There are 8 protein chains.
Amino acid sequence: MSEKRWSVYLSGEIHSDWRERIESGIAEAGLPVDLSAPITVHEDSDDCGVAIFGAEPDKFWHDRKGAQLNAMRTQTLIREADLVVVRFGEKYKQWNAAFDAGFAAALGIPYITLHPEQHDHALKEVDGAANAVAREPEQVVQALAYIISGRMPAVMSGTQAAE
Amino acid sequence: MSEKRWSVYLSGEIHSDWRERIESGIAEAGLPVDLSAPITVHEDSDDCGVAIFGAEPDKFWHDRKGAQLNAMRTQTLIREADLVVVRFGEKYKQWNAAFDAGFAAALGIPYITLHPEQHDHALKEVDGAANAVAREPEQVVQALAYIISGRMPAVMSGTQAAE
Amino acid sequence: MSEKRWSVYLSGEIHSDWRERIESGIAEAGLPVDLSAPITVHEDSDDCGVAIFGAEPDKFWHDRKGAQLNAMRTQTLIREADLVVVRFGEKYKQWNAAFDAGFAAALGIPYITLHPEQHDHALKEVDGAANAVAREPEQVVQALAYIISGRMPAVMSGTQAAE
Amino acid sequence: MSEKRWSVYLSGEIHSDWRERIESGIAEAGLPVDLSAPITVHEDSDDCGVAIFGAEPDKFWHDRKGAQLNAMRTQTLIREADLVVVRFGEKYKQWNAAFDAGFAAALGIPYITLHPEQHDHALKEVDGAANAVAREPEQVVQALAYIISGRMPAVMSGTQAAE
Amino acid sequence: MSEKRWSVYLSGEIHSDWRERIESGIAEAGLPVDLSAPITVHEDSDDCGVAIFGAEPDKFWHDRKGAQLNAMRTQTLIREADLVVVRFGEKYKQWNAAFDAGFAAALGIPYITLHPEQHDHALKEVDGAANAVAREPEQVVQALAYIISGRMPAVMSGTQAAE
Amino acid sequence: MSEKRWSVYLSGEIHSDWRERIESGIAEAGLPVDLSAPITVHEDSDDCGVAIFGAEPDKFWHDRKGAQLNAMRTQTLIREADLVVVRFGEKYKQWNAAFDAGFAAALGIPYITLHPEQHDHALKEVDGAANAVAREPEQVVQALAYIISGRMPAVMSGTQAAE
Amino acid sequence: MSEKRWSVYLSGEIHSDWRERIESGIAEAGLPVDLSAPITVHEDSDDCGVAIFGAEPDKFWHDRKGAQLNAMRTQTLIREADLVVVRFGEKYKQWNAAFDAGFAAALGIPYITLHPEQHDHALKEVDGAANAVAREPEQVVQALAYIISGRMPAVMSGTQAAE
Amino acid sequence: MSEKRWSVYLSGEIHSDWRERIESGIAEAGLPVDLSAPITVHEDSDDCGVAIFGAEPDKFWHDRKGAQLNAMRTQTLIREADLVVVRFGEKYKQWNAAFDAGFAAALGIPYITLHPEQHDHALKEVDGAANAVAREPEQVVQALAYIISGRMPAVMSGTQAAE
């Protein structure tokens, strides 16, 4: 059978350790997955544009230079992803996460959303175009293990991950 | 010269009169524009799915049925739009607006964002992929008048629309 | 607002009056919908190929000639549909209906399935890629009325259509 | 000459050993083929969704969660396949097999159907869009050997595989 | 039901009256078809390039200028056709007809070939990607009548058109 | 035969009357052509962005706002053009004209370049992807007359238009 | 600099040694090229379909089975080629070569035609969409050497290859 | 995390050492980048066509043969690039650079322009569709280091690169 490596892009929230939990879960499970993500150092993703291409007195253009530089990374990686995970944390607007979900949807790339129940109603359109809604990063790892190798979780998620 | 009618989709916030202001501005200016939009009656867009296809005890699936029904309208209209306007109001998560922006971006459909300055930083990625950032609906009308007919605004926007 | 006419393709079962019920429902509701469908005269759709291009002694090629002639109609109409309705009746294999659903899904065209509950499990993948699952043709009309005009059904479907 | 490896997706029936027969035929013939397939453990493909993302009291949503999880595997693998084989066994509805055929057809990916003669008429549209109709898995292996290396079968199929 | 007009491009041979026979057949049958075709005045299609853009001493570039001018017509019309008919007459190379067939095939536009039996073997690849093979223009008209309106031919083709 | 209207986009130089000459030539010839073009009032195309969305102290961003506003017009019109004419005048950089040519080429939209011989070498890549190279606007009209109706020019261009 | 391997598909005539001459020329020049081609054993490409899937009494369907089996090889390889070479020999109809050229053109894949001068006029449309017209296989090798590595031919082709 | 290699195409000016500066910067920084470019030996890119395919007395066709040969390299490499850098030097028309920018834009491939301030106004449309505008090759290297690895420049560009 095929030994395909799967490309999975991890979009969204950069203030908790969810990417690390997915990464270590994948390593532990020995899954053939190449993860990719935006630059997650907050200040760098804000200031990269002006640091490289020159300062801007107006914050609007300061942000623009950074956003367009970041987009060269993020849109390229999403375009070549097999699957996207879109994380919404408890705080912040996180409009770029929703943007990435729409971007993936239009390209026909399936995605899993990852967010607490409190956002369910506000995210109903984003969830409605998703192939799965996860609450915990470990569920994403379980989903990948199933998608790639057909492995079922050892413990049912009802027990393990509070939903 | 061509008498093309332009299809413009108005995405996002449903709690203020911005769509009406754009619509009446277009009527006043006599522009050949066909506007389209999501269903903007909030409760209907929430309940349409269960009203038609049957009640759901679980709010999550109640929302899902509605969201997927709404998506048949919104994604069809965005796909055939020439331009999209994406409005972020002062409150609410408005993740579906950002989703629509990403959807349009991936399809190569240009869009204008419309939001107050207070969101500039949080929306920098969404603005970074936009072709223009407007503060007031009247600027969208002026932009359409220019795009379609080359008409310049009577008064410079610095005066007219507080930016 | 836009006066878009919607193109809706009605795929699948040809032994009951579901298309007529949708058609008369649309007429009654005054919806701007252009319906299209495969040729629904069973013998003609079987024999069209040999009737036009010459008889075949082998039933396999008899069928092939008909199928490829029908495909020129069906695939063209699906490609230009805004929405597709895919009907599975109580009997028969109806593999062409599932084929049409997959065809629409790959093109990013949203579809509604229409079938009795008894098929739910066997159709779970086809339903899983659908934007809605209807039980009765009248629900499809209600869905179109909502999608196109935002009209909500007069009576909740829980009462009207047994689900 | 090119040493291309060919990606072949094996869609459909999961109750007989046809995939194993193709796999061992390919191994024996030493063909550079990477096979892929849906998860073929029936209960797992039914229950994967709820096992990972949480139980559902309603069988409809239980199925939905599984179907959409499975779709992340199947649609990704079909999209990157060079060729698809679609198997219809003697029993069951097998609508997902026909769905996959339509999905491949719309993407311009050639496919071979594999089914007994008894289904010929019911599958005429699905066969009509196929590049070949096989009766036995060994014919699929022979077809791959020819497609990839130009190797002709040792024995004519009229003798070897009852048709 | 939909009142779609069908766009049909008539590619290939320019020395017999097959286009006129299709055109008058369509008129007689009252079919909603818009026919299009290459420029069929042989000398003009050869000389158009140099007549407009200036003479060329070298026949090779004389031909090039004409061919590329003609291509602006033909490729535009094929791209927007619903169906293509590709005619191979009894004489001449007619490589442009085969080119058009390949062009349509790659775009997913169905086509009907129209040629005498004598070419069957040489055209097997071109026929193999076609949705039908006709011998007489009247069969094309019958096919269109069926595709568009479901009308079956009055007389079986076995009698009317020798195959 | 089809009564298709042809959409032709006129890209490039805005300092001479070439668009008017094409327009009046088309009118005279009675060709079914819908012309479109960028906004050709030079100052307006420079200042439109700041006039509508607010002044910018930095000329770089002043230009950016205008360019992106203009792009909403130009890219939309090019995308839906059947043919593009790209004019390079005797002076100026005219990089946007070459940009439009590349944009059309990547979309598979045929274009005609229109420029004096002095630019032939510098434009060889842009001409190399074109379907024709014209020297005078009247040749473009003649080309359209031929493409659309098969009409040959009354006088050979060798005489009429100095090449 | 990039060490890209180039995929080149060799379409067309199967009765002379042109493929071998290109292959040995590439080997001699040490170019990073992966060649691919249709099956070039004439009888096998005719009989492969019936040999594998069962005999057909009617030659028309005998050919069809072979052609559609061959198409699974040829269309897959053309789709993933960087460049295509299309060879027309001195004899035969060679419609499949022209078909392949049209197929490549519609996909935006550049191709080189390879044929004697005698076919220039009949092939003017096929040449008109090509990026080069070669007379000898060695010119194709030289073109590849230039395209891939910028290497210019040692001797000008005017001397070496009679044109 | 993913070890993706990035493909970057360097389009435009061939008279200064900007490509070498980017190449050595990338080597120094140890970035996983595969660079590609057009053939940069000026005379060869002019004469390659006639050197291989035979002399042309008319300079126009001499140029055409070269341009179309070069296009097989450049368009193939741009199509498979992740990112494009488009350089405009101080002199020359450089229309092919702008053509490449438009080509990339239409394909949705992000690009960085690289040019002195003096061209800012003339390049405003080309810059307006770019994701960044650089003044020095070292800024391109810094951008790649950030895009690929999130590395921020050691010294702010305001100091290092005069802007």
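How much area is buried between chain E and chain G, and what share of that area do carbon and sulfur atoms give? The legends below begin with this interface; the model shown is predicted.

**View 1. The interface of chain E and chain G in the predicted model.** The two chains bury about 3100 Å² between them, and carbon and sulfur atoms give 64% of that area. Chain E brings 37 residues to the contact, and chain G brings 37 residues. Of the area that chain E buries against chain G, 24% is supplied by E:Trp95, E:Phe99 and E:Lys124, more than by any other three residues.

**View 2. A salt bridge between chain E and chain G.** The interface of these chains holds two salt bridges. In one of them, the side chain of G:Lys124 meets that of E:Asp46, with N to O at 3.0 Å.

**View 3. Superposition of chain E on chain G.** Chain E is brought onto chain G by a rotation of 180°, with 0.0 Å of shift along the rotation axis and an RMSD of 0.0 Å. The copies meet through the same surface, because 100% of the interface residues of chain E are also interface residues in chain G.

**View 4. The interface of chain A and chain B.** Here the buried area is about 3100 Å², with 64% given by carbon and sulfur atoms. The contact draws 37 residues from chain A and 37 residues from chain B. A:Trp95, A:Phe99 and A:Lys124 account for 24% of the area that chain A buries against chain B, more than any other three residues. Two salt bridges are counted between chain A and chain B. A salt bridge joins the side chains of A:Asp46 and B:Lys124, at 3.1 Å from N to O.

**View 5. Superposition of chain A on chain B.** A 180° rotation with 0.0 Å of shift along its axis places chain A on chain B, and the RMSD is 0.0 Å. This is the relation of a two-fold axis. Both copies use the same surface, as 100% of the contact residues of chain A recur in chain B.

**View 6. Helices α3 and α4 of chain C.** Helix α3(C), residues 59-79, and helix α4(C), residues 95-107, have axes that come within 10 Å and cross at roughly 40°. The crossing of α3(C) with α4(C) is right-handed. On the α3(C) side the contact is made by C:Gln75, C:Ile78 and C:Arg79, and on the α4(C) side by C:Phe99, C:Asp100, C:Phe103, C:Ala104 and C:Leu107. Five of these contact residues are nonpolar, one is polar and two are charged.

**View 7. Helices α1 and α6 of chain F.** The axes of α1(F), residues 18-29, and α6(F), residues 137-149, come within 8 Å and cross at roughly 35°. α1(F) passes α6(F) in a right-handed crossing. From α1(F), the residues F:Trp18, F:Arg21, F:Ile22, F:Gly25 and F:Ile26 meet F:Pro137, F:Glu138, F:Val140, F:Val141 and F:Leu144 of α6(F). The contact residues comprise seven nonpolar, one polar and two charged.

**View 8. Chain pairs without contact.** Chain D and chain E do not touch, and their nearest C-alpha atoms are 8 Å apart. Chain C and chain F are likewise not in contact; their closest C-alpha atoms lie 17 Å apart.

Technical notes: Residues are numbered from 1 along each chain as its sequence is written. Chains are lettered from A and ligands numbered from 1 in the order in which they are written. This is a predicted model: local features need pLDDT of at least 70, side-chain atom pairs count only at pLDDT 80 or more; totals for chains, interfaces and linings use all residues. Side-chain values use heavy atoms; hydrogens and water are left out. Axes are lines fitted to C-alpha atoms, for helices over the stretch in contact, and angles run from 0 to 180 degrees between N-to-C directions. Helices (H or I, at least four residues) and strands (E, at least two) are DSSP runs, numbered from the N terminus. A crossing is left-handed if the near helix is turned anticlockwise from the far one by less than a right angle, and right-handed if clockwise. Contact means heavy atoms within 4.5 Å. Ala, Val, Leu, Ile, Met, Phe, Trp, Tyr, Cys and Pro count as nonpolar, Asp, Glu, Lys and Arg as charged, and the others, Gly among them, as polar. Copies are superposed by least squares on the C-alpha atoms of residues with pLDDT of at least 70 in both. Buried area is the accessible area (1.4 Å probe) that two parts lose on being put together, summed over both. A salt bridge is a side-chain nitrogen of Lys or Arg within 4 Å of a carboxyl oxygen of Asp or Glu.
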